[in-house]
Amino acid sequence: MEVVIRTDAAEAGQTVAGIVHRALLNGAKTLGLATGLSPLSAYRDLGRRHREEGLTLADVDVFLLDEYVGLPPEHPQSYVHVIRRELADRTDLNPDRVHAPSGTTADPLAEARRYEAALAAGGPVDVQLLGIGVNGHIGFNEPGSSLASRTRLKTLTDATRRANALFFENPEDVPRHVITQGLATIGEARHLILIATGPHKAQAVAAAVEGPVSAHCPASILQLHPHVTVVLDELAASQLRDQPYYRYVARHKPAGQGY
């Protein structure tokens with residue numbers, strides 16, 4: 001695991017976008033994408049790179065981490081709609097190549113199995129972007145999730161619903177259920193990139209990066225993956241004990257090593 005500390009959210013997003021851009025230049029064809037506030041700066045910089053630097057996503061397949069149960073794809077807060085708005089509309093990403101669980105399926109359990117099979121057929125994901133919840137969740141794998149979990153139907157905690165209420169007109173409109181990739185499913189991606197910004201993420205980041213591997217902090221499973229890059233702003237990194245080492249590594253990174 002490599003921890004990269006940047007000055008602010010914008011710089012963190014630029015770093016993540018740069019990693020994704022380089023991966024695409026090196027032949028990556030599948031991206032896994034997260035929603036929430038933290039990845040937005042990365043998507044905006046990918047849009048800039050498309051306009052100014054010739055970045056293309058025309059031949060890329062995108063797999064989303066999760067989707068709300070009950071929201072149709074045209075709902076402004078459905079995750080497939082968010083990714084189309086925040087990334088496909090800013091680049092040449094083909095919306096038909098954005099794959100997500102259906103939020104309106106009559107059988108969410110069967111839909112979860114279908115999406116898991118689609119990931120197996122279309123993967124492995126080359127680069128998976130992740131955010132982190134204040135309780136340490138990645139995807140919507142809430143605390144207590146099995147570290148061996150696969151794509152499935154999950155019930156959101158009230159804390160997660162409150163955190164996501166800022167995207168909805170009425171807090172009661174936040175769905176209570178989601179279909180999410182499991183922790184083991186996420187771990188099959190070749191390169192995991194977690195981006196976290198803001199002081200409210202600092203405790204979860206510290207638990208994920210430096211705490212024990214535990215279902216109590218689902219994101220701590222990233223410690224077991226062979227290729228993880230954690231990109232933070234100063235505020236999200238504020239509770240890390242080993243900040244001096246992470247900064248030392250950044251200063252002395254071998255030329256051409258990349259992320």
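The following dialogue examines how terms are applied to this predicted model.

Biologist: On what basis are residues numbered, and which confidence limits apply?

Modeller: Residues are numbered from 1 along each chain as its sequence is written. In this predicted model, local features need pLDDT of at least 70 and side-chain atom pairs count only at pLDDT 80 or more, while totals for chains, interfaces and linings use all residues; side-chain values use heavy atoms, with hydrogens and water left out.

Biologist: Why is Asp61 called buried?

Modeller: Buried means under 20% relative accessible area, exposed means over 50%, and partly exposed lies in between, with a 1.4 Å probe and protein chains only. Asp61 has a relative accessible area of 19%, and is therefore buried. The residue is found in strand 3; helices (H or I, at least four residues) and strands (E, at least two) are DSSP runs, numbered from the N terminus.

Biologist: Which residues does Asp61 touch?

Modeller: Contact means heavy atoms within 4.5 Å. Leaving aside residues up to four places away in sequence, Asp61 touches Lys29, Thr30, Leu31, Arg97 and His99.

Biologist: What makes Ala159 partly exposed?

Modeller: The relative accessible area of Ala159 is 36%, so the residue is classed as partly exposed. Ala159 belongs to helix 5.

Biologist: Why is Pro244 called exposed?

Modeller: Pro244 has a relative accessible area of 59%, and therefore counts as exposed. Pro244 is found in helix 8 (residues 243-251).

Biologist: How do you know that the span of helix 4 agrees with expectation?

Modeller: The expected span of a helix is 1.5 Å times one less than its number of residues. Helix 4 (residues 108-122) has 15 residues and should therefore span 21 Å; its end C-alpha atoms are 21 Å apart, which agrees. For helix 2 (residues 40-53), with 14 residues, the reach from first C-alpha to last is 19 Å, close to the 20 Å expected.

Biologist: What makes the buried residues of helix 4 line one face?

Modeller: The buried residues are Pro108, Glu111, Ala112, Tyr115, Glu116 and Leu119. Seen down the axis of helix 4, they fall within an arc of 140°, so they line one face of the helix. The arc is that of the directions from the helix axis to the C-beta atoms. On the other side of helix 4, Arg113, Ala120 and Ala121 are exposed. The buried residues of helix 4 pack against several elements, among them strand 3 (61-64), strand 7 (152-155) and helix 6 (183-186).

Biologist: Which elements do the buried residues of helix 2 pack against?

Modeller: They pack against helix 1, strand 2 (30-33), helix 3, strand 6 and strand 9 (191-196). Among the buried residues of helix 2 are Leu40, Tyr43, Asp45 and Arg49.

Biologist: Where is there a cis peptide bond?

Modeller: A cis peptide bond joins Gly123 and Pro124, with omega about 0°. Pro124 lies in the loop between helix 4 and strand 6 (127-130). Most peptide bonds are trans.

Biologist: What separates a cavity from a pocket?

Modeller: On a 1 Å grid over the protein atoms alone, a cavity is a set of points where a 1.4 Å probe fits but cannot get out, whereas a pocket is an open set with protein on both sides within 12 Å along at least five of seven lines; lining residues have an atom within 4 Å of a point. Grid points are joined across faces, edges and corners, and a volume is the space filled by probe spheres set on the points. The structure holds one cavity of 30 Å³ or more.

Biologist: What lines the largest cavity?

Modeller: The lining consists of Met1, Leu194, Val205, Ala208, Val209, Leu222 and Val230. Its classes are seven nonpolar, no polar and no charged residues. Ala, Val, Leu, Ile, Met, Phe, Trp, Tyr, Cys and Pro count as nonpolar, Asp, Glu, Lys and Arg as charged, and the others, Gly among them, as polar.

Biologist: How many nonpolar, polar and charged residues are in the lining of the largest pocket?

Modeller: There are 17 nonpolar, 13 polar and four charged residues. The largest pocket has a volume of about 610 Å³. Of its 34 lining residues, the closest to the centre are Thr35, Gly36, Leu37, Asn164 and Phe167.
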